[in-house]
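The following exercises are intended for a reader new to this structure.

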Amino acid sequence: SPLAGSLGGTLAEVQLSGPVTGYLELMIPLTNSPEVVAKGYADLAGAEIYVRSLKETFTQVDGRIHYHNDVITAPTLTMNWRDFPLAAELSTQQREQDYFVAMQVDGRWQLDEFAPLLMGTMPWQADFNLSLPNEGGYSFRWYQSASLNDVSANLPAPLGKEQGVAQELELTVSGDPDSVLVNAEIGEYGLLELQLNGDLSELQSGYARIGQLQQPTLALNRGRHAPLFNVEIGLETGVVEDWLAVMTQLNRWLPEGAGESDVARVLRPDLIQFESQQLRWLDMPFDGVQIVARPQQDDWQLRVEAEQVLADVYWRQKSAEHAAQIHIDAEYIDIPRIEWQQHDSAAVAAEDATPTWLPSNFAGLPELLLDCKRCRYDHYELGEVSIHLRGEEHQLELAKLTAHYRGHQLDAKGHWLLETAEQYPQTRLFGRFESSNFGEFLDSYDITSMVRDSSATIDFDLHY
């Protein structure tokens with residue numbers, strides 16, 4: 001067919017499937033004239049369109065497509081993309097050097113299904129262009145802009161925003177058979193840049209940013225090759241629990257196994273740099289925090305530096321053979337004094353007997369190993385500390401707790417049992433404390449005593 005290179009090429013890139021009804025008028029001259037006319041229309045009702053260059057499928061496509069040889073127009077198409085409604089206008093034309101496809105897409109998405117993280121309405125517009133050169137191949141470009149003015153984002157700073165605050169999201173995807181470029185920006189707070197090969201199976205370079213780093217934190221990267229995919233996160237202040245809550249909510253929305261998918265494998269960063277002027281965890285402030293993380297095969301290695309801590313952290317992911325594990329090897333940890341919030345006794349009594357924050361099981365907790373060369377709480381020296389915690393379904397086991405400072409030694413074990421139909425909740429801590437100078441030990445904890453220059457050995461077993 002004389003339309004094989006133009007209309008045929010379009011239908012190879014923009015693939016239509018599903019029920020189609022329509023009208024075809026075909027005029028074939030009986031003379032030597034090469035002019036053959038194919039015109040008519042096609043009515044789509046619940047059809048599907050797969051755009052090969054974008055690797056995306058649009059469903060529930062409704063509307064009428066008009067064609068006159070290689071000229072195609074569709075002024076009013078409606079469709080769904082990942083269950084979000086769209087309206088589109090399609091047109092094509094044969095140009096001197098190529099066959100050109102243009103599509104304008106509009107959407108107005110309700111985001112309340114992503115509550116509590118996102119709520120409100122996001123209107124957006126997009127332009128999609130596809131060029132099919134006469135000599136073969138293709139190139140495409142998708143540019144999308146969205147207004148976030150009517151969206152509220154219940155996210156930690158700097159990503160959080162109130163409804164009514166002006167903000168824009170921009171997304172550009174372009175490429176050809178050899179490579180695909182992705183650029184996404186959310187105001188001045190978020191940026192993503194990716195370059196992949198043509199079939200999206202390999203990442204060639206990548207960069208992502210949340211906030212802004214004030215200074216480079218590449219200490220762990222010295223002597224290594226330049227990162228292929230670098231992620232930078234810069235926060236003025238942050239609360240660890242807030243970010244963990246966001247990650248928990250995102251995991252609920254992601255399909256099972258998403259972390260082991262081909263997309264996750266391709267887009268895995270090989271360097272993450274984090275910086276915060278102050279980061280709070282369990283009401284404890286950590287100042288001047290810098291974290292550098294790198295993958296080690298299937299696991300992660302982190303270097304954590306702050307005024308209160310200097311440590312290497314090794315994260316082993318869960319597998320069929322072993323549980324997830326976090327190993328913290330710290331030079332020092334200075335835990336600041338925790339100012340516990342005072343609660344009104346009457347209000348506490350009025351609450352449910354079982355606090356909502358209590359875990360229902362420990363099976364999902366990673367095994368924790370801590371080795372600290374110098375630990376301190378407020379101005380109290382704890383010395384060299386080692387801790388080993390591991391969880392089972394209804395039990396958190398303290399497999400090891402040792403603390404050694406000067407002539408004082410603590411060795412303890414214990415467990416915490418959750419309440420089940422067969423057992424009451426239980427806490428137990430047992431072990432031995434030895435000191436070559438018990439009076440000095442009491443003095444170091446601001447305890448006034450008549451004891452002087454006396455050694456002590458205490459065996460204890462506390463349970464309730």
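**Exercise 1.** Which residues does L130 touch, not counting residues up to four places away in sequence?

*Solution.* The model under study is a predicted one. Step one is to set aside the sequence neighbours of L130, up to four places away. Step two is to list the remaining contacts of L130: E13, V14, Y99, F100, V101, Y138, S139 and F140. Step three places L130 in context: together with V105, M122, W124, F128, F140 and W142, L130 has the most contacts inside the largest nonpolar core, a set of 66 residues. Strand β8, residues 118-133, gives the largest share of this core, namely six residues. Another core, of five residues, lies apart from it and includes F433, F441, L442 and A456.

**Exercise 2.** Determine in which sense strand β21 pairs with β20 and with β22.

*Solution.* Begin with β20 (residues 325-335) and β21 (residues 367-377): these strands run parallel and are joined by nine bridges. Within this pair, Y377 of β21 stands opposite I335. Next, take β22 (residues 380-391), which pairs with β21 in the antiparallel sense over eight bridges. Here L370 has I387 of β22 as its bridge partner. Finally, examine the hairpin of β21 and β22: two residues lie between the strands, and D378 takes a positive phi near 55°.

**Exercise 3.** Describe the surroundings of Q325.

*Solution.* First, locate Q325 in strand β20. Second, find its side-chain partner: a polar contact of 3.2 Å links the side chain of Q325 to that of E367. Third, list the residues that Q325 touches beyond four places in sequence, which are Y314, W315, R316, P366, E367 and L369.

How values were computed. Residues are numbered from 1 along each chain as its sequence is written. This is a predicted model: local features need pLDDT of at least 70, side-chain atom pairs count only at pLDDT 80 or more; totals for chains, interfaces and linings use all residues. Side-chain values use heavy atoms; hydrogens and water are left out. A nonpolar core is a set of buried Ala, Val, Leu, Ile, Met, Phe, Trp, Tyr and Cys residues joined through side-chain atoms within 4.5 Å. Buried means under 20% relative accessible area, exposed over 50%, partly exposed in between (1.4 Å probe, protein chains only). Helices (H or I, at least four residues) and strands (E, at least two) are DSSP runs, numbered from the N terminus. Contact means heavy atoms within 4.5 Å. Two strands pair if DSSP finds at least two bridges between them. A polar contact is a pair of N or O atoms within 3.5 Å; within protein, one must be able to donate a hydrogen and the other to accept it, and residues adjacent in sequence count only if both atoms are side-chain atoms.
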